[in-house]
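Dear colleague,

Please find below the sequence and structure that I am handing over to you. My notes on what was found follow directly after.

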Amino acid sequence: MQISDVPDLAHTQPRPVHWLATATAMAAVVALAGLLQPDAATAGQPGSEPTGRTAPNAAPLPAPDTAAVDFPLECGGAKALVTMEATGDLDGDGDPETVAAARCDAGSGTPPAGVYVLTASKDAGTPRIVATLVDPADRQSVADLEIRDGVVRARLLGYSGPDVPGCCPDVEQSPTWEWKNGAFVRSEGGRDESRSV
């Protein structure tokens with residue numbers, strides 16, 4: 001056995017005051033580490049906007065119900081009729097929007113339709129119209145409507161002039177709308193036209 005040349009040190013014999021000092025120091029380190037946590041990481045696609053969600057794993061809201069909306073149609077006593085609808089996330093916030101084609105429920109001819117974007121408010125879930133993509137004043141009817149990859153796609157039937165009878169549209173268009181910089185941008189035949197919300 002080797003004998004140490006260093007005299008016994010006082011702190012080699014633990015006393016309750018040493019344990020208390022160690023426990024207090026450890027508690028202070030743990031509390032300080034809890035206060036200095038980094039902000040939660042947020043991931044998204046390049047160029048994507050913040051979603052504004054409060055909980056990262058919050059369930060998406062249901063798609064807005066067209067039955068709960070009064071469409072801005074002047075039907076002269078007839079009811080508004082939703083002829084087509086599609087749902088999908090158009091603005092990248094994780095909640096679906098509904099795009100609806102609605103027209104007056106007329107008995108004859110081809111009444112013009114409007115195409116509207118509906119969203120639900122996060123607090124009450126009440127659906128509301130946030131954009132009109134096709135105005136009924138444009139005298140068009142909707143032959144097809146879908147949302148694919150966040151883009152609204154439609155096939156519209158219209159008229160080449162005021163003398164064409166309402167029963168027989170003679171012009172067809174296939175526009176798309178995409179949410180860009182706070183507005184729906186319409187594209188057709190290589191040109192873009194913005195429709196603000």
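Glutamate 97 sits in strand S2, which covers residues 97-104; helices (H or I, at least four residues) and strands (E, at least two) are DSSP runs, numbered from the N terminus. Please note that this is a predicted model, in which local features need pLDDT of at least 70 and side-chain atom pairs count only at pLDDT 80 or more, while totals for chains, interfaces and linings use all residues. Residues are numbered from 1 along each chain as its sequence is written, and side-chain values use heavy atoms, with hydrogens and water left out.

With a relative accessible area of 4%, glutamate 97 is buried (buried means under 20% relative accessible area, exposed over 50%, partly exposed in between, with a 1.4 Å probe and protein chains only). A polar atom of the glutamate 97 side chain lies 2.7 Å from the backbone nitrogen of leucine 90. Beyond its neighbours within four places in sequence, glutamate 97 is in contact (heavy atoms within 4.5 Å) with several residues, including Pro64, Asp89, Leu90, Val117, Thr119 and Ile147.

**The sheet**

Strand S2 belongs to an open sheet of 4 strands in the order S1-S2-S3-S4, with antiparallel pairing. Strands S1 (80-88) and S4 (127-134) stand at the edges; each has a single partner strand, so one side of each is left without a neighbour in the sheet. From one strand to the next, the twist averages 30° (axes are lines fitted to C-alpha atoms, for helices over the stretch in contact, and angles run from 0 to 180 degrees between N-to-C directions).

S1 and S2 pair in the antiparallel sense over 8 bridges; two strands pair if DSSP finds at least two bridges between them. Alanine 86 has valine 99, in S2, as its bridge partner.

**The second largest pocket**

The second largest pocket has a volume of about 260 Å³. On a 1 Å grid over the protein atoms alone, a pocket is an open set of points where a 1.4 Å probe fits, with protein on both sides within 12 Å along at least five of seven lines, and lining residues have an atom within 4 Å of a point. Grid points are joined across faces, edges and corners, and a volume is the space filled by probe spheres set on the points.

This pocket is lined by 17 residues, of which Asp91, Glu97, Thr119, Arg128 and Val130 are the closest to its centre. Strand S3 (113-120) and S4 each supply at least two residues of the lining, and the largest share, 3 residues, comes from S3.

Leucine 145 lies in strand S5, residues 141-148, and counts as buried at 9% relative accessibility. Among the residues that leucine 145 touches, not counting those up to four places away in sequence, are Met84, Ala86, Val99, Val115 and Arg153. Leucine 145 and valine 115 are 30 residues apart in sequence, and their C-alpha atoms are 9.2 Å apart.

Aspartate 70, in contrast, counts as exposed at 75% relative accessibility. Aspartate 70 is found in the loop between helix H1 (16-35) and S1, with its C-alpha 8.2 Å from that of alanine 80, 10 residues apart in sequence.

**The protein as a whole**

The protein holds 1 helix and 10 strands. Of its 197 residues, 28% count as buried. Among contacts between residues at least 6 apart in sequence, 41% join residues at least 24 apart.

With kind regards

Note on methods: A polar contact is a pair of N or O atoms within 3.5 Å; within protein, one must be able to donate a hydrogen and the other to accept it, and residues adjacent in sequence count only if both atoms are side-chain atoms.
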